[in-house]
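Hello,

Here is the structure I promised to hand over. Please open it first, then read my notes below.

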Amino acid sequence: MSDYRLYCFAQSGNAYKAALMLNLCGAKWEPRFVDFFNGETRTPDYRAINEMGEVPVLERGEKRLSQSGVILHYLSAEYGRFGGASEEEKLEVLRWILFDNHKVSSYIGTLRFLIQFAKTGETPVTEFLRGRVKGSLGVLNGHLGKSRFAVGDAPTIADFSLCGYLFWPDEFGVSWADYPHIGRWTDEIRALPGWVHPYELMPGHPLPEKR
Ligand SMILES: N[C@@H](CCC(=O)N[C@@H](CS)C(=O)NCC(=O)O)C(=O)O
């Protein structure tokens, strides 16, 4: 019997952050597939689960949490792992999670959605987003040139947030040759015991049939 249920789908980098954390903590969890590509997050039934209409949602008994950053903090406290070694580090962890949510995952997720799934081709919108992604990845690459992980020498939930979309660089047209410190760091995350690629960790890959 699982302790946790995660509402997720394979292509969701935001859900991957939570799924990866569950796996790295050795949690007993089960996925609950959300059919995002057929509009499930917009249905009244799903809005009753999460009024924000988003994946991921983590369920534990009667408790339901949404927002990957909240889920990561909750699991970190539950397992006493990956939260940062001091008060100062905990604040740094929060700082990088906020940066990720605003400037890394959100821009990459939107750019990848347009190119990879909506198949818009290059447009002024994708050009704008690509500029924002390049800026954010440049900041992250510079930071990882000075620090082994996002915060200090050990992995934290800040790394698991920041890397949510970064195991699909080809799906948003980026090469780690241009961001070598990010390439080195994603290799270190890939080597953590319990790491699994998002397409193998969550259900829904390849894409579900259009209804
Ligand atoms: N800040 C949120 C972002 C969640 C998010 O945007 N999830 C996407 C899937 S990756 C979603 O469910 N989008 C549905 C929608 O925007 O309609 C988090 O970190 O959990």
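P56 sits in the loop that runs between helix 2 (44-49) and strand 3 (57-60). Helices (H or I, at least four residues) and strands (E, at least two) are DSSP runs, numbered from the N terminus. Please note that this is a predicted model: local features need pLDDT of at least 70, side-chain atom pairs count only at pLDDT 80 or more, and totals for chains, interfaces and linings use all residues. Residues are numbered from 1 along each chain as its sequence is written.

Back to P56. A cis peptide bond joins V55 to P56, with omega about 10°. There is also a cis peptide bond between H205 and P206, where omega is about 0°. P206 lies in the segment after helix 8 (198-201). Next, look at Q67. This residue is not a glycine, yet its phi is positive, near 75°. Q67 belongs to the loop between strand 4 (63-66) and helix 3. For background, most residues other than glycine have a negative phi, and most peptide bonds are trans.

**The ligand**

The ligand is surrounded by 13 residues. Here a residue is near a molecule or strand if its C-beta atom, placed from the backbone, lies within 6 Å of it. The closest are S12, N14, E54, V55 and S68. Helix 1 (13-24), helix 3 (68-79) and helix 4 (87-117) each give the shell at least two residues. By class, the shell has two nonpolar, ten polar and one charged residues. The classes work like this: Ala, Val, Leu, Ile, Met, Phe, Trp, Tyr, Cys and Pro count as nonpolar, Asp, Glu, Lys and Arg as charged, and the others, Gly among them, as polar.

**Two domains**

The domain assignment gives domain 1 (4-81 + 196-201) and domain 2 (87-190). Such bounds come from an automatic or database domain assignment. The centres of domain 1 and domain 2, taken over C-alpha atoms, are 20 Å apart. Their contact takes 13 residues from domain 1 and ten residues from domain 2. Two residues are in contact if their C-beta atoms, placed from the backbone, lie within 7 Å. On the side of domain 1 that touches domain 2, helix 1 and helix 3 each supply at least two residues. Helix 1 has the largest share of that side, six residues. That side of domain 1 has five nonpolar, seven polar and one charged residues.

**Helix pairs**

Two packed helices are described by the angle between their axes and the distance between the axes. Axes are lines fitted to C-alpha atoms, for helices over the stretch in contact, and angles run from 0 to 180 degrees between N-to-C directions.

Start with helix 1 and helix 3. Their axes come within 9 Å and cross at roughly 10°. Helix 1 and helix 3 are therefore roughly parallel to each other. (Angles under 35 degrees count as roughly parallel, over 145 as roughly antiparallel, 65 to 115 as roughly perpendicular and the rest as oblique.) Which residues of helix 1 and helix 3 meet? From helix 1 come N14, K17, A18, M21 and L22, and from helix 3 come S68, I71, L72 and L75. This contact of helix 1 with helix 3 holds six nonpolar, two polar and one charged residues.

Now take helix 5 (residues 124-144) with helix 4. The axes of helix 4 and helix 5 come within 9 Å and cross at roughly 145°. The crossing of helix 4 and helix 5 is left-handed. (A crossing is left-handed if the near helix is turned anticlockwise from the far one by less than a right angle, and right-handed if clockwise.) By class, the contact of helix 4 with helix 5 has ten nonpolar, three polar and three charged residues.

Best wishes
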